[in-house]
Amino acid sequence: MTALLEVDHLAVTFRTEDGPVLAVKDMSFTLNPGEILALVGESGCGKSVTAMSIPALLATEGVTRRGAVRLSGQDLTTLAERDLEALRGRDISVVFQEPMTSLNPAYTVGRQITEVIQRHQQVSRREALDQAVGLLVKVGIPDARRRCGSYPHQLSGGMRQRVMIAMAVACDPKVLIADEPTTALDVTIQAGVLQVIRTLCRDLGTAVLLITHDLGVVAEVADRVVVMYAGRAVEQASVHSLFAAPQHPYTLGLMGALPANALRTGSRRLAEIPGLVPAPVDDPDECQFAPRCGRATSECRAARPQWREIRADHWVACYHPTHEEAG
Amino acid sequence: MTTVAPESVVMIGRATRLRRRFLRRPMAVLGLVLVALFLLLAIVGPLLTPDPLAQELTSAFASPSAHHLLGVDDLGRDELARLAAGARVSLLAGVLSTALAMVVGVPIGLASGYFRGWIDPIVMRLNDAVLAFPFLIFAVGFAAIFGASLRNVVIALSIGLLPTIVRISRGEALVLREQDFIGGAVADGARPRTIMFRYLLPNSLNTLIVQATVAIPIGIIGEAVLSFLGLGVQPPNPSWGVMLTSAQQFLVQAPQLAIYPGALIAIATLGFNLLGDGLRDALDPKDSR
Amino acid sequence: MGVFILRRALSSVIVLFLCSVAVFVGVRALPGDPALNLAGESATPQLLAQIRHEFGLDKPLPVQYVDYIGQVAHGNFGLSTVDQIPVSEILVQRIPVTLELAFLAIVVGLLIGVPAGVVSAVRRGKFADYVSNAFGLIGLSVPHFWLGLLAIWAFAVHLHWLPASGFVGLGEDPVENLRRMVLPALVLGTGLSAVLMRQTRSALLGQLSEDYVRTARAKGLSHGAQIRHALRNSLTTVTTVLGLQLGALISGAVVTEQIFVIPGFGKLTVDAVTQRNYPVIEGVIIVTVFGYVLANLLVDLAYAWLNPRVRVAGAER
C-alpha cells in the first residue's frame, strides 16, 4: 500500500525569549489511505505540534520546520501559503481540541459550514446550505435545518464538536487531523463523538490522524498507533500488536496509567510514570526516557537507540524492549 | 497568530527578564527619559529659575536673552520660570490625584472583587455610572460648589480617576481569589483583611503600577484643562493651563507663549504613556511585540 | 433580547435617580440662601419666610425633591440669573450646536481610528503599524485645547484658510456652518480616533489569536477572510469603547467650544460657572445626565445587536 501522507524526519523549533524550544526533534511516520492512525503521548511530547505542522498551521514567525511532509507524494513544506490555503479544508482538514472556542461566536453554524463548502466548491449558496444540513444530519445533530441558524453559544460542547467534524469533512478530505477531539468533552459524550469520527471517515474513506493522550480512545477507534516521547516516536505498531505486547517501557507506563488496568491489578491508584518529561531545550545523543526508566543501563545513556522491528510491523526504539526480557 | 505554544519554558530571574524586556523597547526607554526630564524640570527647575510672579511690564514679550532663556510673557514674567513652576503644579496634580484615587479605589476594588456577594453589583453599577459620565461637566459642578483651586482640582480629578482604579483592582481580585495560594491562606484561617493587604495587594502591584503610569498623565491633562477653563489654578499663579489661557489672546504676536506650555504637556503625557505601554508589555509579554 | 433591553432600561432609571438626587443635594449645598438672593439683602424675616413658603423651601427635603423632579420633568429649570431667559429655552438653543460638533467628531474619529487600528493590527510590526501607533500615542498625549490653539495658529492666523472662530448656524448657512465646524470637529475627533485606533488594534490582535481564527485558517480561508472573522468580533469592543468615550467627548466639546468660541452647550457650561449662574448649571448637569444615560442605552443596544450571545437569548441545550 502506498502511503497517503508521509511525515519524513520532521523537526520543529520554536524561538522564544529563553532560547530555542525543540518541540519536535525527529518524527517520521506514514498514514495510509482510509486508516485511523493514533499519535499518542503525554502533553508536551510534541504530538500536537507534529499534527499542526502537517497543514502548516503553526505560526509563521519564530518557528523553524525541517524535514518533509508529503501528501500523495507532494511535499507540502515547499508550498506557498496561497497553495496551502487551497489545500486546507479540501485535502487536509482539522478538528481541534476546544469546541468551545474553535467556532466563531459571531456567525451561525450554517454560515460557518457553508463557508468552507463555498471556498472549495463551485456551488450556490443554496446548494451549500443543503449540503450543510446533510452534513449536520450525518454527524447526528437533530433538527439540522433549524440548527443551521443557531449560534455556537446555543449548542452544547458535544454538539459543537459535531459541527466542527461536519465542517472538517464537508469537502470530503483525504486526511482528517483530529487533535484531542474529545479531551474537552464530558466522558459521557466522548464515545458518541469518537463514533461519529470513525463511521464517517470509514464511509468517506478519509484517513484520520488522531492525536490523543488517552490509550482508551486509541483502543476504541485506531487501526495503528505511534507512541511519541520528547519529540520523537518511540514505538509504532498495529493497535492489536501494541496492546497485546507493548515493547517500549514508556508505552508500558502509559498503559499502567489506564483506569482499566488499575482495576485489573486491584491497585487503588492509577499508576504514574515517575519523573518529568525533559525540558525541550537540547537533544543529547541518548535515550531521553532513560532517567524515568526502570530498565535503563549505561548503554541507554551512551547513544540514542535505533528503530528495530520486533515483530512484523511492530517497531520500537529501545535497547531493552519487553520481548527480550521475557525471552 | 495561531501559535502552538511551547509547552515548557525555562525560567530565568524575573527582575532581569523584566528589565531586559523593558530595555529592548526603544519607545519604553524614550518614555522613561521623557518622564525623567519632566521630573527634573518640576523638581529642580523652580530652584534655578527667577521668581515666576515677578513682572517687568516694560519688557513684555521680550525675546530670549541671557537673563530670560525663553523670553518673557505678556506681563514681562520669565517664561522658563513659569514653565518650571507649572511643571511642579502638573506633577503635584498628576501624582496627588492618582495617589488619592488609589488609596480610596484599590481597597474598594479588591474588596468588591474578593467578597463578591451583594456589594459587588452595587459597586460596579455606581462605578459604570461615574466612569462614563462626562468628567468635565462633573468637574464644573464641583468647582461651582466648592470653588476653583488646585486642591479642589486634585479632589475632582481623583474622583474622575476612581472608577478605572476600582474596576482594575476588582479585576485583579477576581482572578487572584481563584488561585490556590489564596485558598490556602483562607484554609489557614487568615482574616479577610490579611488576605486583602498581604495577599491580594502585593500580587496586584504590577497591574496597579501600570495603571498609575496611565492615571498620572490623565491627571496632568485634567489639571491643565481645568486651569485653562479658569476652574483650577487661578492667575497669576503659574500653571500650564493658565499660561495657555493668556497665550490664547496673543496668538498672533507671540505664538511661542502658546507653544511652550502645550508642548510640555504633550511631552510629559507622552512620556508617561510610553512608560506605561513599555511596563505593560514587559510585565505581560503575551500582548506585546 | 427583550429581557436585556428591560434590564438596561431599569438600570438607566436607577442611574437617573441617583444622579438627580446628587444634583438636588449638590444644589442645596451651594453657598448662599436662594430666598435671600431673591429678596435682596434688606429683606425682612417675614418676607424671607413667605418666599420660602412660596417656593416650597420650608417643606421637608424629600417633598422638595419630588416637587423638583416634577418641575424638571416639565422642562422647567427656572430662569437664567444673568438675562432672565428660561434655562430650558437656552438649552434648546445650545444643545443642537454641540450635538452637531459631537456627531462630526465621532465621524472623524471612526473614519480615522477604526481603519488605522485595523491596518496596524494586520500589518503588525511593519511600517504601517509604527505610523499608526505613533499617531495613536501622540493623539492620546496632545491635549485637545492645545491642538485647537495650534490649529487656529496654523490654519487661521498663518494660512488664512479657515476662520479662527465664530459660529454660523446650520440653518442659516449650511456651507459656512460646515466651514467653521471643520477645525473644531477635527480637533475633537483626533483624540477620539487615537483611542479608537488603539482599542481597535488591541481588540483585533486579541481576536486574531483566538481559536476560531485558526479554524478559519484550517478551512483554507484566505488571510483577508480570517481578518473578516476576527473583525466581526472586534466590533463589539469598538462600540463599547465608543460608548465609554462619549463622556470624554462631551468634556472635549466643552474645551473645544471654549477655544473656537462656539455657542454650544459646553461654552454655556463654562460661562455659567464663571458667572455663578446656578439655574443654568443645574439645567446643564441634568440634561447631561439624561443625554448620557440615553446615549449609553443606545450604545448597549448597538452592542447587543452586534453580539449574538446577547441578541439571541440563552443557551438551548
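This briefing covers the chains, interfaces and selected local features of a predicted model of a complex. The predictor assigns the complex an ipTM of 0.86 and a pTM of 0.78. Chain B has 11 helices and 0 strands, and chain C has 13 helices and 0 strands. Chain C is in contact with chain A and with chain B.

**Confidence**

- Chain B has a mean pLDDT of 79, with 86% of its residues at 70 or more. Within chain B, residues 1–11 have pLDDT below 50, and this stretch makes 28 contacts in the model beyond near neighbours in sequence.
- Chain C has a mean pLDDT of 81, and 89% of its residues reach 70 or more.
- Among the elements of chain C, the lowest mean pLDDT, 64, belongs to helix α2 (residues 34–39) of chain C, and the highest, 91, to helix α9 (residues 211–218) of chain C.
- Residues 313–317 of chain C stay under 50 in pLDDT, and the model has 6 contacts for them beyond four places in sequence.
- Where pLDDT is low, the predicted coordinates should not be read in detail.

**Chain B**

- Along the sequence, chain B follows the pattern α-α-α-α-α-α-α-α-α-α-α.
- Chain B has 289 residues, of which 46% count as buried.
- Of the contacts in chain B between residues at least 6 apart in sequence, 72% join residues at least 24 apart.

**Helix packing in chain B**

- Two packed helices are described by the angle between their axes and the distance between the axes.
- Helix α4 (residues 79–115) of chain B packs with helix α7 (residues 150–176) of chain B at an angle of about 35 degrees, and their axes are 5 Å apart.
- The crossing of α4(B) and α7(B) is right-handed. By class, the residues in this contact are 22 nonpolar, 9 polar and 3 charged.

**Chain C**

- From the N terminus, the elements of chain C run α-α-α-α-α-α-α-α-α-α-α-α-α.
- Chain C has 317 residues, and 41% of them count as buried.
- In chain C, 70% of the contacts with a separation of 6 or more are between residues 24 or more positions apart.

**Interface of chains A and C**

- Here 27 residues of chain A are in contact with 20 residues of chain C.
- On the side of chain A that touches chain C, the elements giving two or more residues are α2 (81–87), β6 (92–95) and α3 (109–120) of chain A. The most comes from α3(A), with 4 residues.
- By class, this side of chain A has 12 nonpolar, 9 polar and 6 charged residues.

**Interface of chains B and C**

- Here 37 residues of chain B are in contact with 43 residues of chain C.
- On the side of chain B that touches chain C, two or more residues come from each of α5 (119–132), α6 (135–146), α9 (192–228), α10 (240–249) and α11 (256–283) of chain B.
- The residues on this side of chain B divide into 28 nonpolar, 7 polar and 2 charged.

**A hairpin in chain A**

- Strand β11 (residues 308–311) of chain A runs antiparallel to strand β12 (residues 314–316) of chain A, and 3 bridges join the two.
- A:E309 stands opposite A:W315 in β12(A).
- The hairpin formed by β11(A) and β12(A) has 2 residues between the strands, and A:D313 in the turn has a positive phi of about 60 degrees.

- Most residues other than glycine have a negative phi.
- A:A230 is a residue other than glycine with a positive phi, near 50 degrees. A:A230 lies in the loop between β9 (224–229) and β10 (232–238) of chain A.
- A:A230 counts as buried because 22 other C-beta atoms lie within 10 Å, the cut-off being 20 or more.
- C:V261 is not a glycine either, and its phi is positive at about 50 degrees. C:V261 is placed in the loop between α10 (223–260) and α11 (265–274) of chain C.
- C:V261 counts as exposed because it has 12 C-beta neighbours inside 10 Å, the limit for exposed being 12 or fewer.

Note on methods:
Residues numbered from 1 in each chain as written. Chains lettered and ligands numbered in written order. Predicted model: local features only at pLDDT ≥ 70, side-chain atom pairs only at ≥ 80, totals over all residues. Contact = placed C-beta atoms within 7 Å. Nonpolar A, V, L, I, M, F, W, Y, C, P; charged D, E, K, R; others polar. pLDDT = per-residue confidence, 0-100. Pairing = 2+ DSSP bridges. Axes fitted to C-alpha atoms, helices over the stretch in contact; angles between N-to-C directions. Left-handed = near helix turned anticlockwise from the far one by under 90°.
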